[in-house]
Amino acid sequence: MKIQSAILRSSGVQHPFAESKPIQIETVELDSPQAGEVLVKIKAASLCHSDLSVINGSRPRPLPMALGHEASGVVEQVGEGVTSFSPGDKVICVFVPSCGHCIPCSEGRPALCEPGAEANGAGTLLGGGVRIHSETEDIGHHVGVSAFSEYVVVSENSLVKVDEDLPFEKLALFGCAVITGVGAVVNTANIKLGSTVAVVGLGGIGLSALLGAIASGAREIIAIDINENKLKQAKELGATEVFNSKDADVVEQVKAYTNGGVDFAFETAGVVAAMDVAYAITKRGGTTTTTGLPHPEHKFAFPYVSLTAEEKTLKGSYIGSCVPKRDIPRFIQMMKQGRLPVDKLLSNIISLEEINEGFDLLAKGDSSRIIIKMD
């Protein structure tokens, strides 16, 4: 079938994207779903820094590629052998398909699925190959989803079925920002009631982590960013104190405020300077967790002795260490109860044709979650 899709053919294009237009809306051919695959009509898709990282080249991927990964939609057709989904089902896309058989999947850690990671890096679906084509070449899939498209073909393992009567724009948030940010707090770091927490980097993932810390009963929640608008938003969402990381003495300020540092620090920006701050403000015996995805060549250095002498813990968190089929329904219920108001992160709604302008907004840093409404 012929569909409209947002295609990236070269990375590292200069800002503003509204002028350079790195993403082109093209008419491409989408194959029918093969065995174990599902055709989904995309209803809403979020712009995420992980997409931006592919556009600016800090997250290298094979090009050309159909971008997008945080989305919700409706099942249109299922391939051979698919029994978990039926046409008409409302679904949320997940950007790591889990095979269910590799060692991490067998250990209950689907976020670390080895075949899923291999397929995502190659720009293919979990079952191998691509289903998007131009007249002259194959088009890669962005982490198995390619959500900035009218329709997508994905592995059945890239979907979570939801029965909630909620707008698709809100449901889309749970495909990446919410499970990554909230999951980092409740799954990876497993913070305790009454903990002190700091979040460094207040994009959609960072603000989700902040809301996760509130829901988990943290008594002190510090928000840190270079953008005053984001700091203001963090206060409105429930941060107990905010600090601007442009201040040269921000580490000293936080340590003074917390009497030595926080129990748990979360770095969500994917920037080495932010990670430096997060680790430095983690107290003796505390835990630093990062969800950031910096360029593969970027290095983070810290005093080696601090791991032993201060008994610090350093953790990575991918997709919030979530089991999506378990965690997404839980987090949605918490949002409906008002205990996890992640829907407040929705800042802008745009059309597919405005995607380059949308990424300019995202790069500027004033917006939390920009949603493309496909209808």
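**View A. P64 lies in the loop between helix 2 (49-56) and strand 4.** Helices (H or I, at least four residues) and strands (E, at least two) are DSSP runs, numbered from the N terminus. The peptide bond from L63 to P64 is cis, and its omega is near 0°. The model is predicted, so that local features need pLDDT of at least 70 and side-chain atom pairs count only at pLDDT 80 or more, whereas totals for chains, interfaces and linings use all residues. Residues are numbered from 1 along each chain as its sequence is written, and side-chain values use heavy atoms, with hydrogens and water left out.

**View B. A cis peptide bond joins H15 to P16.** Here omega is near -5°. P16 is located in the loop between strand 1 (2-8) and helix 1 (17-20).

**View C. Five strands form a closed barrel in the order 1-2-7-8-4.** The pairing within this barrel is mixed; two strands pair if DSSP finds at least two bridges between them. Strand 4 (residues 65-66) and strand 8 (residues 138-141) run parallel and are joined by two bridges. Within this pair of strands, A66 stands opposite H141 of strand 8.

**View D. S134 occupies the loop between strand 7 (132-133) and strand 8.** S134 counts as buried because its relative accessibility is 18%, where buried means under 20% relative accessible area, exposed over 50%, and partly exposed in between (1.4 Å probe, protein chains only). The side chain of S134 reaches the backbone nitrogen of T136 at 3.2 Å. This is a polar contact, that is, a pair of N or O atoms within 3.5 Å, of which, within protein, one must be able to donate a hydrogen and the other to accept it; residues adjacent in sequence count only if both atoms are side-chain atoms. Leaving aside residues up to four places away in sequence, S134 touches R9 and I139 (contact: heavy atoms within 4.5 Å).

**View E. Y279 and F300 form an edge-to-face aromatic pair.** The whole structure contains six aromatic pairs. The ring centres of Y279 and F300 are 6.0 Å apart and the planes stand at 75°, so the pair is edge-to-face. The pair links distant parts of the chain, 21 residues apart: Y279 belongs to helix 10 (residues 272-280), and F300 to the loop between strand 15 (282-290) and helix 11 (304-309). Rings of Phe, Tyr and Trp (its six-membered ring) pair if their centres lie within 6.5 Å; planes under 30 degrees apart count as stacked, over 60 as edge-to-face and the rest as tilted. Y279 is buried, at a relative accessible area of 4%, whereas F300 is partly exposed, at 26%. Together with F302, Y279 and F300 make up one aromatic cluster.

**View F. Lysine charges lie over aromatic rings at Y279 and at F168.** K312 is placed over the face of Y279, 4.2 Å from the ring centre. The charged end of K90 sits over the ring of F168 at 4.9 Å from its centre. A charge sits over a ring if NZ of Lys or CZ of Arg is within 6 Å of the ring centre and within 35 degrees of the ring normal.

**View G. I319 has a positive phi, as does S321.** I319, although not a glycine, has a phi of about 55°, and S321, also not a glycine, has a phi of about 50°. I319 is in the loop between strand 16 (313-316) and helix 12 (324-336), and S321 is likewise in the loop between strand 16 and helix 12. I319 counts as buried at 2% relative accessibility, while S321 is partly exposed, with a relative accessible area of 31%.
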